[in-house]
Amino acid sequence: MITDEQRETLRGWFTGRLPDGLFESLVELVVDREEITVIGRIPGPRLPEDVSAAEREAAVQGRIQEFRERTREDRVAVAREAEHRFRRKVSWGVECAGERALFTHVAAPVMTRLRQPERQVLDTLIAGGVARSRSDALAWCVRLVQRHTDDWLTELRESLEHVQRVRERGPDTGEVADSSTRDPEDG
């Protein structure tokens, strides 16, 4: 779990390290144990107001692809430095004209043991055509929980950050005087 202070440090580092003009703004920085995802806003294409939805969508996708190709070297240089410094992979994405696109991202394997009733849920999703495999079915379940419990997960993350701050102030951090070094006269 990452604390607010660690998140702010990461955001500050990326804000300072990203080449000027790479993004209009840094929209979001998402961090977990394996990955840092950097999402920036880029300008949308200039189009006439009466353009069709299909043409607008194609123009936005073209702009995103152009940005991805043009900025690859700069993004790779920043990612290498960040990966060395923060010990996490760096992934990139953009927002353009209301669309979000991720260029690269980590798909980390997660091992779990499930009992038969839980496996039956996954197998039902496969049989129903919702997922191709148990792995896909489990990912679908996680996305569903995430979508429907966002407020609860936010509250849980905030609680975990509080626990982390309390741990950092614990007796092993040096903030509490060691009783063996006290003067016996002080009582």
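1. A compact globule of 187 residues would have a radius of gyration near 16 Å, whereas the protein chain has 23 Å. The model is a predicted one. Along the principal axes, the C-alpha trace covers about 85 × 55 × 30 Å.

2. The protein chain holds six helices and four strands. Their order along the sequence is α-β-β-α-α-β-β-α-α-α. Taking contacts between residues at least 6 apart in sequence, 50% link residues at least 24 apart.

3. Of the 187 residues, 24% count as buried. The accessible surface of the protein chain is about 13,900 Å², and carbon and sulfur atoms account for 48% of that surface.

4. The largest nonpolar core has 26 residues, and those touching the most other members are Phe 14, Phe 23, Ile 36, Val 38 and Trp 92. At least two residues of this core come from each of α1 (4-17), β1 (25-31), β2 (35-41), α2, α3 and β3. As general background, nonpolar side chains in soluble globular proteins tend to be buried together.

5. Which residues does Phe 14 contact, leaving aside neighbours within four places in sequence? They are Leu 26, Leu 29, Ile 36, Val 38, Val 78, Ala 82 and Val 90. Two of these partners, Ile 36 and Val 38, are also named among the core residues that touch the most other members.

6. Helix α2 runs over residues 53-70, and at 1.5 Å a residue its 18 residues should span 26 Å; the end C-alpha atoms are 26 Å apart, in agreement with that. Its buried residues are Val 60, Ile 64 and Phe 67. Seen down the helix axis, the buried residues of α2 fall within an arc of 65°, so they line one face of the helix. In general, an α-helix has 3.6 residues a turn, so residues three or four places apart point the same way.

7. The cover over the buried residues of α2 includes α3 (72-86), β3 (89-96) and β4 (99-102). On the face of α2 turned away from the buried side sit the exposed residues Ala 54 and Arg 70.

8. Helix α4 (residues 116-127) passes the length check as well: its 12 residues should span 16 Å at 1.5 Å a residue, and its end C-alpha atoms are 16 Å apart. Just after α4, Gly 129 has a positive phi of about 80°.

9. Glu 118 belongs to helix α4. Is Glu 118 buried or partly exposed? With 39% relative accessibility, Glu 118 counts as partly exposed. The C-alpha atom of Glu 118 is 26 Å from that of Asp 32, a residue 86 places away along the chain.

10. Thr 3 lies in the segment before α1. Thr 3 is buried, because its relative accessible area of 6% falls under the 20% cut-off. Apart from neighbours within four places in sequence, Thr 3 contacts Glu 161, Gln 164 and Glu 168.

11. Most residues other than glycine have a negative phi. Arg 87, which is not a glycine, has a positive phi of about 60°. Arg 87 is in the loop between α3 and β3, and is exposed, with a relative accessible area of 65%.

12. The relative accessibility of Ala 97 is 55%, over the 50% cut-off, so Ala 97 counts as exposed.

How values were computed: Residues numbered from 1 in each chain as written. Predicted model: local features only at pLDDT ≥ 70, side-chain atom pairs only at ≥ 80, totals over all residues. Heavy atoms only, no water. Expected span 1.5 Å × (residues − 1). Buried < 20%, exposed > 50% of the residue type's maximum accessible area, 1.4 Å probe, protein only. Arc of directions from axis to C-beta. Contact = heavy atoms within 4.5 Å. Rg over C-alpha atoms; globule rule 2.2 N^0.38 Å. Areas by Shrake-Rupley, 256 points an atom, 1.4 Å probe, with all protein chains shown as cover. Core = buried A, V, L, I, M, F, W, Y, C linked by side-chain atoms within 4.5 Å.
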